[in-house]
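Thanks, everyone. I have one structure to walk through today. Please have a look at it first.

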Amino acid sequence: ITVTKKGNKETLDCITVTKKEDFPGWYSEVITKSEMIEYGKISGCYILRPWSFGIWEQIQRWFDAAIKELEVENCYFPLFVTKGALEAEEDHVEGFAPEVAWVTKSGSSDLPEPIAIRPTSETIMYPEFAKWLRSHRDLPLKLNQWCSVVRWEFKYPTPFLRSREFLWQEGHTAHADLAEADEMVSAILTLYQQVYERLLAVPVIPGTKTEKEKFAGGYRTTTVEAYVSGSGRAIQGATSHNLGQNFGKIYGIEVEDANGGKTIPWQTSWGLTTRSIGVCVMVHGDDQGLVLPPRVAPVQVVVIPLVYKTCTLDDLAPFVARVKDALGAFRVRVDARTNYSPGWKYNHWEQKGVPLRLEVGPRDVEAGAVTAARRVDGLKKSIPLADLAAVVAADLDQAHDIMLAKATRERDAKLKRVTTWDDFVPALDDNCLVLTPWCDPADQDAEEAVKDRSRREALDRAGVDSEDVRTATSLAAKTLCIPRDQPTHLPDGTTACFFTGKPATCWCLWGRSY
């Protein structure tokens with residue numbers, strides 16, 4: 001909707017494309033016109049404006065409190081890592097090498113050795129762990145830092161989803177044994193699931209990555225996977241890794257056990273990024289703009305005074321103040337600007353996704369009530385001032401439930417179980433997440449063969465020779481995870497892998513993924 005006021009230049013820059021017809025164009029318009037993102041001067045580097053950073057603050061606040069309940073402490077390590085430290089773990093550096101940004105000069109002078117900007121902090125932190133951890137009494141060590149990282153080498157960035165610098169939290173812990181490390185990994189993955197489902201109203205599938213997709217140099221990687229119905233693509237939400245003892249061996253992390261012997265601790269690392277904001281936008285937004293989940297919205301309730309010639313802003317101010325006071329437990333903004341009409345304000349705050357709008361006009365004041373309009377479903381009703389706090393709390397909780405239920409329905413409608421190859425690529429072409437019986441999560445050759453063959457067949461079905469190099473997602477199938485909740489128990493003695501024909505050991509979730 002474009003709102004125009006005769007006689008001046010009051011307009012709202014509306015969304016010009018639909019989510020269904022042009023998903024990438026819609027996404028770009030929504031995040032810029034809702035004032036979430038500004039494009040920086042360097043490709044792939046974005047300015048998080050207060051509206052998006054406010055969402056990140058809500059996620060930070062909740063998650064930070066949750067990990068402190070697990071006795072995790074915050075810290076901060078330097079941005080830079082030496083070349084020697086980064087290259088100490090071969091598999092790890094191989095996994096990140098194409099993305100590492102290097103500092104080679106100071107002023108006009110060459111540095112004696114290039115210094116890397118952290119793509120992740122294992123190689124910065126673990127040499128220090130080796131100094132700090134001497135005895136089993138020093139365990140567990142549980143640290144977290146909120147910071148940014150840089151991952152450089154790609155051509156076509158997408159705000160929030162694929163950027164050269166992004167914000168995240170990264171947790172790093174060390175434990176006495178495998179069981180304790182696994183317990184930590186599981187506890188964090190549960191928190192990540194709650195971030196998506198309880199805060200962002202986005203359903204996710206928790207599971208374990210295959211050997212091919214696990215964290216480079218690690219022992220086991222767990223993940224939560226989301227689905228974006230608008231594009232028909234999966235997206236990794238967050239990961240929690242059991243690193244095993246590999247990094248301990250490389251960096252000399254060794255403690256004396258209770259019997260006087262030497263042992264290497266079991267380590268974990270885990271991270272959640274600002275990608276979560278992009279997932280939220282893509283899952284919930286509509287053709288008007290953002291639809292924000294109430295628990296992370298920077299503004300949960302906007303109050304709009306309705307000024308008339310016979311009822312000035314000053315006349316409404318005492319009642320508006322009472323409304324705001326009644327909503328002290330919520331994040332509230334009063335839009336008392338006089339240079340915009342009520343209609344413009346309605347559309348402006350709808351485009352920014354504010355969950356609840358309260359209108360206060362002379363009739364509302366007379367009735368001792370407000371008129372409420374809910375963003376997610378357009379529900380309008382009058383709420384007495386005496387009941388306002390309780391009704392707003394219930395309406396916001398209901399809005400969250402509506403959003404989660406809608407996203408879950410859309411995801412489940414595209415979750416398909418396939419047992420033969422002939423049905424596999426057609427299901428991917430129908431924008432489905434595909435559950436298949438799979439021979440072995442450690443079989444990297446078979447997984448790579450599925451990826452190559454699915455891409456070739458998809459190109460043949462589309463009648464084209466190659467993909468657009470700018471595409472955010474490949475036509476190739478990718479393993480997303482071995483879901484924690486398996487549809488049936490495998491192996492069962494009869495079910496064969498959909499690709500190799502060998503006995504299936506598990507159900508595997510595939511998709512085309514960002």
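Let me start with a strand pair. Strand β10, residues 220–228, is joined to strand β11, residues 233–244, by nine bridges. The two run antiparallel. Within that pair, A226 stands opposite I235 in β11.

A word on what you are looking at. This is a predicted model. The protein chain averages a pLDDT of 94, and 96% of the residues score at least 70. The start of the chain is another matter. Over residues 1–9 the pLDDT is below 50. That stretch has 15 contacts in the model beyond near neighbours in sequence. Still, where pLDDT is low, the predicted coordinates should not be read in detail.

Now the sheet. How many strands form it? There are 11, and the sheet is open. Follow the order with me: β3-β7-β8-β14-β11-β10-β9-β22-β23-β21-β20. The pairing is mixed. Strands of a sheet pair through backbone hydrogen bonds, either parallel or antiparallel.

Which strands stand at the edges? They are β3, residues 73–74, and β20, residues 415–417. Each has a single partner strand, so one side of each is left without a neighbour in the sheet.

Step in from β3 and you reach β7. β3 and β7 pair in the parallel sense over two bridges. N74 has N144 in β7 as its bridge partner. On to β8, residues 165–175: 10 bridges join β7 to this strand, and the two run antiparallel. Here L141 stands opposite A174 in β8.

Stay on β7, residues 141–150. Is it buried or exposed? Of its 10 residues, 10 are buried, so the strand is largely enclosed by the rest of the structure. In a regular strand the side chains alternate between the two faces of the sheet. In β7, L141, L143, Q145, C147 and V149 point one way. K142, N144, W146, S148 and V150 point the other way. All of these are buried.

Next, β17, residues 356–360. This strand is mostly covered, with five of its five residues buried. L356, L358 and V360 sit on one side, R357 and E359 on the other. Both faces are covered. What are its partners? Strand β15, residues 301–305, runs parallel to β17, with five bridges joining them. I304 stands opposite E359 there. Strand β18, residues 369–374, pairs with β17 in the antiparallel sense over four bridges. In that pairing, L356 stands opposite R374.

Now a helix. α12 covers residues 388–412, which is 25 residues. From first C-alpha to last it reaches 36 Å, close to the 36 Å expected at 1.5 Å a residue. Its buried residues are L388, V392, D395, L396, A399, H400, M403, A407 and R411.

The largest cavity has a volume of about 40 Å³. Its lining is K212, E213, E447, K451, A477, K478, T479 and W510. α14, residues 444–462, and β22, residues 478–483, each supply at least two residues of that lining.

Last stop, T16. This residue lies in the segment before α1, residues 23–33. T16 is exposed, with a relative accessible area of 56%. Leaving aside neighbours within four places in sequence, T16 is in contact with E29 and K33. T16 and W26 are 10 residues apart in sequence and 7.8 Å apart in space, C-alpha to C-alpha.

That's my tour. Over to you.

Note on methods. Residues are numbered from 1 along each chain as its sequence is written. This is a predicted model: local features need pLDDT of at least 70, side-chain atom pairs count only at pLDDT 80 or more; totals for chains, interfaces and linings use all residues. Side-chain values use heavy atoms; hydrogens and water are left out. pLDDT is the predictor's confidence in each residue, from 0 to 100. Contact means heavy atoms within 4.5 Å. Two strands pair if DSSP finds at least two bridges between them. The expected span of a helix is 1.5 Å times one less than its number of residues. Buried means under 20% relative accessible area, exposed over 50%, partly exposed in between (1.4 Å probe, protein chains only). On a 1 Å grid over the protein atoms alone, a cavity is a set of points where a 1.4 Å probe fits but cannot get out, and a pocket is an open set with protein on both sides within 12 Å along at least five of seven lines; lining residues have an atom within 4 Å of a point. Grid points are joined across faces, edges and corners, and a volume is the space filled by probe spheres set on the points.
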